[in-house]
Amino acid sequence: MVDPFVVVAVSPRTFTVKNPGDGVANVKRINEFIDTAVMVGRWEGSPVRLVVLPEMAIQGMIANFPGNREKERHFAVTIPGPETDELAKKARELDTYIAAELYMVKDDDFPDRHFNVAFIIDPQGEIVYKRYKATSDAYEGGMLGNMNPHDVWDEWIEKKGNGNVMDAIFPVARTEIGNIGIAICHEGVYPEVARGLAMNGAEIIIRPTLIEPAVQNGMWELQNRAHAMFNSAYVVAPNLGPEYREDGGVQDLFGGQSMIVGPRGQVLTQQRGWTTGDSFVCTTIDIEALRRARVANGLYNQFKDLRTEQYRAIYDQPIYPKNQYLDAPPSEGWLAREHQTRADNIEKLIERGVLTPPTGYGE
């Protein structure tokens, strides 16, 4: 039996790290605000069992350095590591799960590569979940130096999932408060990652962060509500807070509007308007009610109606090439290569008839 509990989604101010140790200082500052957010969250009347941070909350937006392996190593961190240790202290203190993210993360299975990794810490301070960002744009790959599991596909599936794609790409944490999966930032632009997590059992899908102009034009809210409705899941979506610069200025590249969405796509709570400080949203969720709806033979239980053979045909032909960096890590010129790959993919889709070019295209 899972009693109703409160989820707190925190949107802290952002301070970009200049040295690896700066992330620990950021976590300590965020932890102080978590105390306040959890205190207020308890006013809902139920215990706070889950606290969620946005992508980049701990490290900020690290400066661009395409192909610069020395700078990559300078910013690379580990999980577990000093940053997660500080969050673990807070998880134990507050008796809650904490979900967060770090990028430029080292991995023992791929020692010369770096990844963007989401994680969950349980109330005992143990890391019970890690998921590596598996869909990203050219900015993250070429600019931030992060790898995608798809780029080392063959080895990844074997090492991370023992040959099982679902466990390697769409892992889900099965916890005492429900089954939790994380779709990191740009992954939420696509329907597949959230669906993959749901098909692996996720009842709570955490979708942290999306940059402007996707918030002001409504894409952020639309995507979060769609993921919740199509997958009969709660979506917890904290967006990044404003960035404080060294010159004393403040800039907001993400637009706020953190939200928690119910399993039928209804926004349960949402931050409105721009803020210059730390903020959060919270609400009570009911996993047992969700589970009853998911096993009911009714209109809103889509899982029972999935005719998977006909959907599988949609992806029979590959688009983005796998194993691009299986033999060697990215090097100088990676950004140009990433952009060229995407341009080639567009031409491939035109040839297949998926895309129809406008008049004068290519002239």
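Student: In this predicted model, what makes the charged end of arginine 264 count as sitting over the ring of tyrosine 300?

Tutor: Good place to start! The charged end of arginine 264 is 3.9 Å from the centre of the tyrosine 300 ring. The distance cut-off is within 6 Å, along with an angle within 35 degrees of the ring normal. The charged end of lysine 160 also sits over a ring, that of tryptophan 156, 5.3 Å from its centre.

Student: Why is the pair of phenylalanine 115 and tyrosine 132 called edge-to-face?

Tutor: The structure holds seven aromatic pairs. In this one the ring centres are 5.5 Å apart and the planes meet at 85 degrees.

Student: What makes the pair of phenylalanine 115 and tryptophan 156 tilted?

Tutor: Here the angle between the planes is 45 degrees, with 5.1 Å from centre to centre. Stacked needs under 30 degrees and edge-to-face over 60, and the rest are tilted. Because phenylalanine 115 lies in strand 4 and tryptophan 156 in helix 5, the pair ties together parts 41 residues apart in sequence.

Student: How do you know whether phenylalanine 115 is buried or exposed?

Tutor: Its relative accessibility is 0%, and buried means under 20%, so phenylalanine 115 counts as buried. Tryptophan 156 is buried too, with a relative accessible area of 0%. Both residues belong to one aromatic cluster, together with Phe110 and Tyr132.

Definitions and conventions: Residues numbered from 1 in each chain as written. Predicted model: local features only at pLDDT ≥ 70, side-chain atom pairs only at ≥ 80, totals over all residues. Heavy atoms only, no water. Phe/Tyr/Trp six-rings, centres within 6.5 Å; stacked < 30°, edge-to-face > 60°. Helix = DSSP H or I, 4+ residues; strand = E, 2+ residues; numbered from the N terminus. Buried < 20%, exposed > 50% of the residue type's maximum accessible area, 1.4 Å probe, protein only.
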